[in-house]
Amino acid sequence: MRMVDVIARKRDGEALSPQEIAFFVEGYTRGDIPDYQAAALCMALFWRGMTDEETVCLTDCMARSGDRLDLSALGDATVDKHSTGGVGDKTTLIVAPLAASLGCKVPKMSGRGLGHTGGTVDKLEAIPGYRTSLSPEAFIDQVNRVGVAVIGQTGNLAPADKKLYALRDVTATVDSIPLITASIMSKKLAAGARSIVLDVKVGSGAFMQTEQQALALAEAMVRIGKGCGRRMAAVLTDMDAPLGHAIGNALEVAEAVAVLRGEMQGDLAEVCVALAAQMVALARGLAPEQAQLQVRQALADGSAYAKMKEWIAAQGGDPTALERPDGLPAATHRLPVVASGEGYVAGVNARQLGTAAALLGAGRATKEEAIDPAAGIILHKKPGDRVAAGDVLCTLHTNRPQTADAARALCLQAVTLADEPPAPRPLIHTILR
Ligand code: URA
């Protein structure tokens, strides 16, 4: 078989055979197929799409490209959660201990941020001492004892996705439903949990900008997960404005703690309740409404926060750092971004704020770049809020004051004002089970 023929067939809109898909995934993972041919195939896939059979086959080949975790020792209540990526999305820090406090087993492998989106592993590394790498045995043992462990993706889990995602990121082929489906589901299938809850983001800060695209992506992922014998749910959540108020690693940890301590209501808490309820419902076989009542109770009575401290301590982190004012890294410069006009906040462009936070040091332009855990943005005004001239729209936190002008300009572009309040957008668009 020749790779050039596989590319030509997809370019001409034909469906690839399972043998052709396996030839590509195995050859590219081994390094026999060069990046330029893989990039040409990704672009052909982007334009021509894939049938359901092709997507299932691609997902399966990618899931089998490396190690697969055997979680059978953890029983039937294992549950994983995956977000399609967003700005200010610290939901894992909240829902993982929340679900664990209600009897779920949460073995979670998370990613780092890239571009305008954040990553859970970077956020956790803002906690002094926290280890994001554990051996498979230590990982499973911790989930057994504590109910939750969150680590970075182990070296050889779905290596085909690792290579392909990096390639897609620089060849403008990320936003393709079959490619995102195979990327996310191959990792989740290899990671082994019996139940999987997908948080599919919709809006300006998401890869899927319209509800129709997000629904198509969610349906494809749920179909594939069920086809592979997993219990699946997908929640379409809004990512037009950032989630919560904090963007940036240590700032987001502090915000997650505030939600777990019951000190913060609003969009972040509501999205977390919806996701955690689906996790608990799937893993423990409860009706979603009953699971939701238990989730709210675990937030209100402090058991979810107690579980967070137990989890952080189990992974070498200092749980007292979550409560001391100087416990988490803090930036030396805090610079206000001030409104020059007045009105209602009509929109807050999440992608622009994510880019501004990355400029301040919270994200990377390349995978290798070091990030500053203290850097980020606190957004004080959200869609629908009233603003007067001179009000502080957001505060920039940075140790690189030379980046502040560019970040401030992006923030001012991101927050649009209007004479009338905007029509409210739903926070939870749809739930698929
Ligand atoms: N998240 C992933 O893991 N893969 C994608 O392709 C997009 C978002």
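Colleague: Where is Gly285 found?
Modeller: Gly285 is found in the loop between helix 12 (267-284) and helix 13 (288-300), where helices are DSSP runs of H or I of at least four residues, strands are E runs of at least two, and both are numbered from the N terminus. This is a predicted model, in which local features need pLDDT of at least 70 and side-chain atom pairs count only at pLDDT 80 or more, while totals for chains, interfaces and linings use all residues. Residues are numbered from 1 along each chain as its sequence is written, and side-chain values use heavy atoms, with hydrogens and water left out.

Colleague: Why is Gly285 called exposed?
Modeller: Its relative accessibility is 64%, and exposed means over 50%, buried under 20% and partly exposed in between, with a 1.4 Å probe and protein chains only; Gly285 therefore counts as exposed.

Colleague: What makes strand 3 mostly covered?
Modeller: In strand 3 (residues 148-152), 5 of its 5 residues are buried.

Colleague: In which sense do strand 2 and strand 3 pair?
Modeller: Strand 2 (residues 106-110) and strand 3 pair in the parallel sense over 5 bridges, and pairing requires that DSSP finds at least two bridges between two strands.

Colleague: How many bridges pair strand 8 with strand 10?
Modeller: Strand 8 (residues 343-348) and strand 10 pair over 2 bridges in the antiparallel sense, with Arg386 in strand 10 as the bridge partner of Tyr344. These strands belong to an open sheet of 3 strands in the order 10-8-12, with antiparallel pairing.

Colleague: Why is one side of strand 10 and of strand 12 left without a neighbour in the sheet?
Modeller: Strand 10 (386-387) and strand 12 (415-418) stand at the edges and each has a single partner strand, so one side of each lacks a neighbour in the sheet.

Colleague: What lines the largest pocket, and which residues lie nearest its centre?
Modeller: The largest pocket is lined by 48 residues, of which Gly111, Arg112, Gly113, Tyr165 and Lys187 lie nearest its centre. A pocket is an open set of points on a 1 Å grid over the protein atoms alone, with protein on both sides within 12 Å along at least five of seven lines, and lining residues have an atom within 4 Å of a point. Helix 9 gives the most to this lining, with 6 residues.

Terms used: 1 Å grid on protein atoms, 1.4 Å probe; cavity = no way out; pocket = protein on both sides within 12 Å on 5 of 7 lines; lining within 4 Å.
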